Amino acid sequence: MSKTKDITKFSDEQLQEFLTSFDIVLCDIDGVIWQLNKPIEGASESLKTLQNLGKQVYLVTNNSTISLNSFYESIQYIRLNLTSNQVINTIKIIIWYLKKINFCDEALAIVPNESRKILIEAGIRLTEQPKAFITDPNATIKDVLDRPSVKAVIVDFDVTCNWSKLALAISCLKRKDVLYITGATDEWYQIQASPQIKILGPGPFVNIINAHSGKKPIQCGKPSQNLKDYLLDKCNVTNLERCLVIGDSAKQDMKFASMYGCIKLLVGTGINTLEESQKEDDTCPDYYLPSLSQLFSANNA
């Protein structure tokens, strides 16, 4: 028998017991409250109800390809009346980590353009991106050789990632004194709930760098120790066992929750099905909802 409990089948008493088991909500964005910037109907309303019940809500995402400024203008953000500190992405955690270790050197950043701007604004010095010279292969090779000034390689989901960027990253990481930091490592992203369509995520590119540099990255996305440390340092989190993690992915959301004793709620509007998530103990959710919008549905009223 599955350990996962279907909240849509709860009685009033069971729902109340669930609601009193946590104080803080750590909710994913993509696949939970929106898909490709399109709201999932009723999802943010459920989060608003949780806020009205006294729960503190944080949105925690591995997706840094979307400008946080644009998200702050979205109806979901406005409806929830969150502060900027309550929206956490991988770039925020990477900057926090670099500041914590007093990193003052130059970095190679394979990240979205918006993230490059944020890193620079935070005082991180970035090396120029490598170029590919179509008619001059020697110049191309020269541009991807090791740059001694680079002391850190930062890799997040960059949709313009190419051979030149991967080659330069690997060249720099051959030196022992170069830090290797990653954000999102998701293998797949889902772009549509029904029918299910998956597209390649950043994970395979990270795996190429891992394999050919021989280095293990310092992770800053879900799941990672640095995300846990960030939550304890920057957010009003004191007891992770009283945190509810809401997510749509097994290897990112559910695994992160398992690593640190959080309560796990999987929703069926994203990347993994309930059956897929139940295959391993550390990804098996405690609770399940077909959609977050059903948390306070008529069945539970």
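User: Which residue in strand 9 does Glu106 stand opposite?

Analyst: Strands are DSSP runs of E with at least two residues, and helices are runs of H or I with at least four, both numbered from the N terminus; two strands pair if DSSP finds at least two bridges between them. In this predicted model, Glu106 stands opposite Val150 in strand 9, and strand 9 (residues 150-155) runs parallel to strand 7, with five bridges joining the two. The model is predicted, with local features needing pLDDT of at least 70, side-chain atom pairs counting only at pLDDT 80 or more, and totals for chains, interfaces and linings using all residues. Residues are numbered from 1 along each chain as its sequence is written, and side-chain values use heavy atoms, leaving out hydrogens and water.

User: What is the order of the strands in the open sheet?

Analyst: The five strands are ordered 8-7-9-10-13, with parallel pairing, and strand 8 and strand 13 (218-219) are the edge strands, since each pairs on one side only.

User: Why do the buried residues of helix 6 line one face?

Analyst: An α-helix has 3.6 residues a turn, so residues three or four places apart point the same way. Buried means under 20% relative accessible area, exposed over 50%, and partly exposed in between, with a 1.4 Å probe and protein chains only. In helix 6 (residues 113-121), Ser115, Arg116 and Leu119 are buried; seen down the helix axis, the buried residues fall within an arc of 105 degrees, so they line one face, the arc being that of the directions from the axis to the C-beta atoms. On the other side of helix 6, Asn113, Lys117 and Glu121 are exposed.
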